[in-house]
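Here are my notes for anyone opening this structure for the first time. Have the viewer ready and follow the points in order.

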Amino acid sequence: MPTPSLAALPVRRLTLRDLSACADLSEDRGWPREEHKWGLLLTAGRGYGIDDPEGGLVSACTVTEYGPPERPALAAVGMVLVAARHARRGVGRRLMRHVISAMGPTPLTLHATPNGRPLYEELGFKVIGRADMVSGRFSPGGPAPRTATRAATAEDLTAVLRLDAEVFGMDRTHIIARLPAFADRFRVAEEDGRLIGYAASWPNTHHDVVGPLVARDTETAKALVSSLAAHAHRPLRTDIDVRHEELLGWVTARGLERVADNVVMTYGAAELPGDWTRRFAPLTVAAG
């Protein structure tokens, strides 16, 4: 049980001024600092945290909303962390209950590690799927991709947003419009002048993370990943929906290894909107 002093500490909104404290909290739990990702999540979404009277944060998480701002249709919860010195004292449960209350009727989704899953199940989240995190040096090989890809331009943004809304099931302009500045590489796939997929890769602490990855089919997804990998100087990492067995088999044959197995969970919704058959990997699991 939390001590009375810890239980009395208020939950507050986090801002970019808390970026270093969030990165410190990640490092405290053995995660990479991920300041680049924290910066995106704190500007495109909102953060919640509990301050430690001795300095830093007791706990933190992010929430990324989708749909109309006045009435979001879905919110993704991510980066749920509790400082090691305060672990197993009910702090994470308290923070998550605050988020659930703050979001009201808005359905929630998150990717849960095996360690976090029991807490989320206790709070009422249900498992609806699974994603495999894969990581490693990409080795080119096999037949050349049949789908043409190229670097995205500013003129592509309208078509990218249209395709993304169709596949994701709701508008994500506030996230996707940030990709040109956030990502190192942003590629699109075309057929007969029509956009059939897009993908980006962005720098994390030790990897180039591939995400989002949206494609008409597996061959298009392969072409996009290959085009991103061709210019990568570090190991790749991505999180692939396990229903895309062919793509998972292909990336492992190209040198990436499964390093984590996380479940996809929802609260207040039986399933996620959109078309999973064209949604291969998220921008980051923290943003859904």
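1. Start with P212, which lies in strand β10. The peptide bond that joins G211 to P212 is cis, with omega near 0°. Strands here (E, at least two residues) and helices (H or I, at least four) are DSSP runs, numbered from the N terminus.

2. Some ground rules before going on. This is a predicted model, where local features need pLDDT of at least 70 and side-chain atom pairs count only at pLDDT 80 or more, while totals for chains, interfaces and linings use all residues. Residues are numbered from 1 along each chain as its sequence is written, and side-chain values use heavy atoms, with hydrogens and water left out.

3. Two backbone angles are worth a look. E34, in the loop between α2 (19-28) and α3 (35-44), has a phi near 50°, a positive value in a residue other than glycine. M79 in strand β4 also isn't a glycine, yet its phi is positive at about 55°. E34 is buried at 5% relative accessibility, and M79 is buried at 6% (buried is under 20% relative accessible area, exposed over 50%, partly exposed in between, with a 1.4 Å probe and protein chains only).

4. Next, the largest pocket, with a volume of about 1400 Å³. W31, V80, T113, N115 and G116 are the closest to its centre of the 46 residues that line it. Strand β4 gives the largest share of that lining, six residues. By type, the lining of the largest pocket has 22 nonpolar, 15 polar and nine charged residues. Nonpolar means Ala, Val, Leu, Ile, Met, Phe, Trp, Tyr, Cys and Pro, charged means Asp, Glu, Lys and Arg, and the others, Gly among them, count as polar.

5. How is a pocket found? On a 1 Å grid over the protein atoms alone, a pocket is an open set of points with protein on both sides within 12 Å along at least five of seven lines, whereas a cavity is a set where a 1.4 Å probe fits but cannot get out; lining residues have an atom within 4 Å of a point. Points are joined across faces, edges and corners, and a volume is the space filled by probe spheres set on them.

6. The second largest pocket comes to about 470 Å³. Of its 28 lining residues, D241, R243, V264, L272 and R279 are the closest to the centre. β6 gives the most to this lining, four residues.

7. R243 turns up again: its charged end sits over the ring of W276, 4.1 Å from the centre. R172 lies over the face of F168, at 4.0 Å from the ring centre. The test is NZ of Lys or CZ of Arg within 6 Å of the ring centre and within 35 degrees of the ring normal.

8. How many aromatic pairs does a search of the whole structure find? Six. In one, F182 and W202 have ring centres 5.0 Å apart and planes at 45°, so the pair is tilted. Rings of Phe, Tyr and Trp (its six-membered ring) pair if their centres lie within 6.5 Å, with planes under 30 degrees apart stacked, over 60 edge-to-face and the rest tilted. F182 is buried at 7%, and W202 is buried at 0%. Ring pairs also link Y120, F125 and Y267 into a cluster.

9. Last, K222 in helix α9 (residues 218-229) is buried, with a relative accessible area of 13%. Setting aside neighbours within four places in sequence, K222 is in contact (heavy atoms within 4.5 Å) with E246, L247 and W250.
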